[in-house]
Amino acid sequence: MITNGVDPYNGSTSPLNQNSPYVDNSVNDAQRAGVPVYSIYFSDAGFSRGRGSFSGQNYLTEVAEGTGGLSLYQSTGQNPVSMAPYLKQFQDAIARTYVATFPVDSNKKLVTLKTSTDLPKTKLRAPSLVRPGTIVSN
């Protein structure tokens with residue numbers, strides 16, 4: 001998705017107000033569905049002088065990390081000069097996606113997923129919680 005990430009229902013874009021039940025629900029819904037969320041941050045339209053950029057980028061990072069996706073942005077409050085590098089990163093991430101299987105109780109509740117590797121120069125990205133029976137990739 002290409003978005004400013006701002007949660008207009010949260011009431012404030014202040015750095016002191018960073019808990020959003022809507023963002024939490026989005027992460028939970030994506031985890032239950034086994035969908036990694038990728039985003040490209042694109043300005044804080046509708047907010048003056050960069051007020052929403054911190055909140056928006058924080059929310060996008062929270063959703064991406066919780067689902068095993070990736071949040072792409074240049075720096076706080078700046079739009080990318082070109083979308084091409086971000087689309088290339090997204091394409092590369094999708095091309096290097098793997099499906100992992102592991103044994104768990106099939107009680108359909110979310111379970112914690114911890115990943116690690118001993119391979120040098122290898123980064124793993126995975127959701128923090130998964131529902132048994134869901135296909136998880138990355």
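So, the order of elements: from the N terminus on, this chain runs β-α-β-α-β-α-β-β. That makes three helices and five strands. Please keep in mind as we go that we are looking at a predicted model.

Let's take the sheet next. Three of the strands form an open sheet in the order β1-β2-β3, with parallel pairing. Here β1 and β3 stand at the edges, and each has a single partner strand, so one side of each is left without a neighbour in the sheet.

Now the individual pairings, if you'd like to click along. Strand β1, residues 2–3, pairs with β2 over two bridges, in the parallel sense. If you pick I2, its bridge partner in β2 is I40. On to the next pair: β2 and strand β3, which covers residues 70–72, are joined by three bridges, again parallel. There, S39 has S71 of β3 as its bridge partner, and Y38 stands opposite L70 in β3.

What packs on this sheet? Helix α3, residues 84–95, does, and it touches β2 and β3. The direction of α3 makes about 170° with that of β2.

Let me stay with β2 for a moment. In a regular strand the side chains alternate between the two faces of the sheet. For β2, residues 38–41, both faces are covered. On one side we have Y38 and I40, on the other S39 and Y41, and all of them are buried.

For contrast, let's go to a loop. Where does S116 sit? You'll find S116 in the loop between β4 (111–112) and β5 (129–130). And is S116 buried or exposed? The relative accessibility of S116 is 69%, and because exposed means over 50%, S116 counts as exposed.

Finally, a few totals for the whole chain, which I know some of you like to have. There are 138 residues, of which 33% count as buried. The chain exposes about 8900 Å², and carbon and sulfur atoms supply 54% of that. As for contacts, take those between residues at least 6 apart in sequence: 68% of them join residues at least 24 apart.

Terms used: Residues are numbered from 1 along each chain as its sequence is written. This is a predicted model: local features need pLDDT of at least 70, side-chain atom pairs count only at pLDDT 80 or more; totals for chains, interfaces and linings use all residues. Side-chain values use heavy atoms; hydrogens and water are left out. Helices (H or I, at least four residues) and strands (E, at least two) are DSSP runs, numbered from the N terminus. Buried means under 20% relative accessible area, exposed over 50%, partly exposed in between (1.4 Å probe, protein chains only). Two strands pair if DSSP finds at least two bridges between them. Contact means heavy atoms within 4.5 Å. Accessible areas come from the Shrake-Rupley method with a 1.4 Å probe; for residues, only the protein chains shown count as cover. Axes are lines fitted to C-alpha atoms, for helices over the stretch in contact, and angles run from 0 to 180 degrees between N-to-C directions.
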